[in-house]
Amino acid sequence: MPVVRLYYEDMERLIGASRETIMSRLAMMGADIGKRAEKDHVDVEFFPDRPDLYSAEGVARAMQGFLGIKTGLVEYAVEKGPVVLQVEESVKSVRPLIGCAIVRGLEFTSEAIESLMGLQEDLHWGLGRNRRKVAIGVHDISRVTPPFRYFGEDPGRKFVPLDFTEEMTMQEMLHKHPKGKDYGHILEGCERYPLIVDSLDQVLSFPPIINGDLTSVTEDTRDLFIDVTGTDPMVYKALNIVVTSLAERGGRVESVLVKRSEGDFLSPNLEPSLWEVHADEANKLIGFNLTGTELAECLQRMRFGAQAIGGDLVRVSAPAYRADIMHSWDIFEDAAKAFGYEKLKAELPRTVTVGRAHPAEVRKAEIREVMSGLGYLETMPFTLTNEKVHFEWMRRSADEAVARATHVLHPISELHTILRTSLLSCLLEILALNQHHPLPQRIFAVGDVVVDKKTRMHLATASIHSGASFSEIRSVIDAVLGELDISPEIIPSQDGALMPGRGADLVLDGRRIGCFGELHPLVLRAFGLEQPIVALELKWGEL
Amino acid sequence: MLSENDLKVLKAISEGDSDPQSIAKKLDMKVEAVRASADLLNEQGHVQVIKSVEEIFALTEEGKKYAQEGLPERNLLLAIGPGKPMADLKDPSVKISLGWLRKKGWAAIEAGVLKPTGDAPQGKDEEILESLLAGLKSSTVLDNNGLAALKSRGLITSSKTKSWNYKTTQTIGVASNIDIVNEVGPITSDMIKSGHWEDDAPYLTYKKEKFHIRRYDVTLAADKIYPGKKHPYQRLIDNMREIMLEMGFVEIKGQIVQSSFWNFDALFQPQDHPAREMQDTFYLDSQAEIPDFAKVKQMHECGGSVGSTGWGGCWRPEVARQEVLRTHTTGVTIKYLADHPRPPVKAFGIDRVYRREAIDTTHTPEFEQLEGIVMDENVTFCHLLGILKEFYAKMGFEEVRFRPGYFPYTEPSVEPEVFIDGLGWVELGGAGVFRKEVTAPFGIEHPVLAWGLGVSRVAMLKLGLKDLRLLYQSDIEWLRRTPVSIKL
């Protein structure tokens, strides 16, 4: 989750409340506050559904409402400006959507620049899917001359990218510029690359990779041009979040006329979205009991425009920077936060039902009882394992067996590449780890294995000591089968894991449901085990 | 009156064997039996028994560190050189060393400056640390005051071992004045049936002969045995299952291999959601059959008929068909609800889930998750809070508080926190009401209250584990030593 650094002094100034008040209420608005508050700042994690809180300005705006200092919808004035941006057909197959805005009269402190850059990065992560869906560029507009052009350019075009001093082609940037290396894959297979230039053909931005060096923002920058490009309407939300956060810093927003073949529009559009919700529905969902007026008051504290308009009906204007309002319940949750989770009355529902354990768990408990009675200790090994241990070491490498295992596509380590198809090798791994403890050791596991993608339930046991013998395990299997009331046929086994002539298969209705016997010394040696082991494995159920 | 065994032991002792272990080995007897004979021989004046207790010392982790690197006060002394202002020594870690430094009189504070007082020779405690590192362990060769000091600082531990030493009392030949009788060790079935047993005297008449019944030293320990038992973690899981069953929930289970449809799409997770990416989820190279998806597709693209905006874009069935190892049990839950859409439903499951995470002390790629849901007419978010309070109280967490949270498929969402002595408020699990976008496509008309938590996190708290791997790659000694009576 994005971490937003909040400087207390900055926050006190922006919110108009004391540090203590802010800190005591922040979590209840919806945030994870790190345990490590520093002297002058605290790092706070906000949830991924609230990208409007990824900047100090956004947090301040929300906090002012939550604390009741300033409530209701913030109306951001957008002055109609003269700047035009032309979208050309050539870019539409690559990165079709663009929104832009101008914000003037800013005074940047280093903290404000840090907050803006942090916001940009967090939005790239939170809304932008690492720039694929949404990418943001911020420019010092005084360095360029409108109108602007957004088009698909030949990758051989040269310009000086941000943080570089020499020209290079866009193609080269994808391999040489650090941002090109990080995000170049987004443009893979594209014949033309997106580019924004001014009327003198100077480059502002090569989205979603890098800005031109010409328009880089410094503490002297006063007027900004912001472009947000991408493939999803989330582009406009991201633009609104950046623009309104700058407006909170005192910037004046000016619109840009975006011209395109499917129709021109003025950008940004900071109009709220309109909803009508019933207090009755909110009460039914949350369990409190609010009138329309009370619901409206709660929502105003979450910076919605809200007005009770008779009965339980409330007209709601959701701010243009909110990316998470999809459904009336999203609005009701905000009302509950404003009301205060700590004030909600926790009560048990009257739903009457009868509890019932799953038959497989009942069976497992029976097996545990029997195995404990036989002196075996329970273990609960991982279900992820690897082919080497599971098949090769067990001398069970037949292609068919390996093919029936579930292989994960991108294992995180060589140790965990498949789901186990049997339990025995997992027990042997545990015994191998425990050789320094006194023998005999008798362990069992009862759990899931996956064969042909289906979950089956197995039992396996292993007993290691110098006197471990076939007759010992024969006694155990007879006891287990008797307790579980299963009567399979017992026939000599061909299982490579068992010693020839000292291993048996359990066959029920023509299917092999298990095996038992003395383990093959080559299996023991593969696991680094030095004492005889007798073992059994039994499939007793499936889901 | 001695038995044959006693005689053998006496003989061995007279031949110079002086400890029970070597005598037991020589005579192929149990050590306990040798000790019992020796005690009897002692009572009758044939043998002298010298019992001794030796205290053996070993370094603790911290002690080992200091033995290798030097005591902190020694290091501080070296660090201050000719003197250092106290203002430079504010680090809290210095405080302890400073205390010892002054206690030992190696340094003093003059006008705010810490100065060495003399040449600070090696102390007894330092000598002991050195010898323990070199392998010396017995109290007989180590300074007692030094040992006590180190023990109080938690740098060494001690354990006591008993030993026995036997000598014959007469140097002349054995058995000159020894009266031998038959003696009985183990009682046989035949003796029980046909022997004549005296009420209180230690004699048995059997097959017309009189036997002395050997007395055992009942204070002696025997070989250790360990019972078979349930895994402590399973014990915890079963406790939680019992709580859920008591609260009237039906236990449900599902497949480990799931389609993305049930694991993600049915829960209204957009197809480009970061949690669905390869780095967080174990994907398989196979496709699953999925049910009629028209309503789910419509919900994702435009919000269906519940007044939602949906995610926009194009929902693709081939993405939903990709198989994964379930990343949570919620996929199993929504499938169960789709099959049981009529109220009331109360269901729970505790099962293994898979996340593509590297293994370390607090992360494992698979772990158990508990999940519970309540679906009924007129249930509310406040009821969810009520259930959570009840559930956590039954788990032994009496104090619970609620903070807003965020989960992609619930609205409203809440993060419960429980109060744990010594740790403070600890986040434990997540909860919320299933979004309409989740329930509507499956014809579920009433609110679904849902909560879940990582069971292995609870195990760490309750079993005091420092390393999660111990649950799965268990140390057998830990399993043997964790009593079934452990409070969970």
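## Two residues with positive phi

In this predicted model, B:Asp28 sits in the loop that links helix H2 (20-27) to helix H3 (31-43) of chain B. Its phi is near 55°, which is a positive value in a residue other than glycine. B:Asp28 counts as exposed because it has 6 C-beta neighbours inside 10 Å, and the limit for being exposed is 12 or fewer.

B:Phe268 also has a positive phi, of about 65°, although it is not a glycine. This residue lies in the loop between helix H11 (260-263) and strand E12 of chain B. B:Phe268 has 27 other C-beta atoms within 10 Å, so it is buried, the threshold for that class being 20 or more.

## Two cis peptide bonds

In chain A, the peptide bond that joins A:Ser267 and A:Pro268 is cis, with an omega of about 5°. A:Pro268 belongs to the loop that runs between strand E17 (265-267) and strand E18 (273-278) of chain A.

In chain B, a cis bond leads from B:Pro343 to B:Pro344, and its omega is near -5°. Here B:Pro344 is part of the loop between helix H14 (330-339) and strand E14 (345-354) of chain B.

## A sheet of three strands in chain B

Strands of a sheet pair through backbone hydrogen bonds, and the pairing may be either parallel or antiparallel. Chain B holds an open sheet of three strands in the order E11-E13-E12, with antiparallel pairing. Its edge strands are E11 (257-259) and E12 (283-287), each of which pairs on one side only. On average, and with direction ignored, neighbouring strands of this sheet are turned by 35° against each other.

Strand E11 of chain B is joined by three bridges to strand E13 (residues 322-325) of chain B, and these two strands run antiparallel. Within that pairing, B:Val257 has B:Leu325 in E13 as its bridge partner.

## Domains of the two chains

The domain assignment of chain A gives domain 1 (3-66), domain 2 (78-267), domain 3, which is made of two stretches (273-319 + 327-340), and domain 4 (359-542). Taken over C-alpha atoms, the centres of domain 2 and domain 4 of chain A are separated by 60 Å.

Chain B is divided into domain 1 (58-160), domain 2 (181-218) and domain 3 (232-481). Between the C-alpha centres of domain 2 and domain 3 of chain B there is a distance of 67 Å.

## Where the chains meet

The contact between the chains takes 73 residues from chain A and 75 residues from chain B. On the side of chain B that touches chain A, helix H15 (residues 381-394) gives the most, with eight residues. Sorted by class, this side of chain B has 35 nonpolar, 24 charged and 16 polar residues.

In soluble globular proteins, nonpolar side chains tend to be buried together. The largest nonpolar core in this model has 230 residues, and those that touch the most other members include A:Ile226, A:Ala238, A:Leu299 and A:Ala462. Helix H7 (residues 234-248) of chain A supplies the largest share of this core, ten residues.

Which residues is A:Ala462 in contact with, leaving aside its neighbours within four places in sequence? They are A:Leu424, A:Leu427, A:Leu428, A:Leu431, A:Ile443, A:Ile533 and A:Ala535. A second, separate core has 13 residues, among them B:Val9, B:Leu10, B:Ala12 and B:Ala36.

Technical notes: Residues are numbered from 1 along each chain as its sequence is written. Chains are lettered from A and ligands numbered from 1 in the order in which they are written. This is a predicted model: local features need pLDDT of at least 70, side-chain atom pairs count only at pLDDT 80 or more; totals for chains, interfaces and linings use all residues. Two strands pair if DSSP finds at least two bridges between them. Helices (H or I, at least four residues) and strands (E, at least two) are DSSP runs, numbered from the N terminus. Axes are lines fitted to C-alpha atoms, for helices over the stretch in contact, and angles run from 0 to 180 degrees between N-to-C directions. Domain bounds come from an automatic or database domain assignment. Two residues are in contact if their C-beta atoms, placed from the backbone, lie within 7 Å. Ala, Val, Leu, Ile, Met, Phe, Trp, Tyr, Cys and Pro count as nonpolar, Asp, Glu, Lys and Arg as charged, and the others, Gly among them, as polar. A nonpolar core is a set of buried Ala, Val, Leu, Ile, Met, Phe, Trp, Tyr and Cys residues joined through C-beta atoms within 7 Å.
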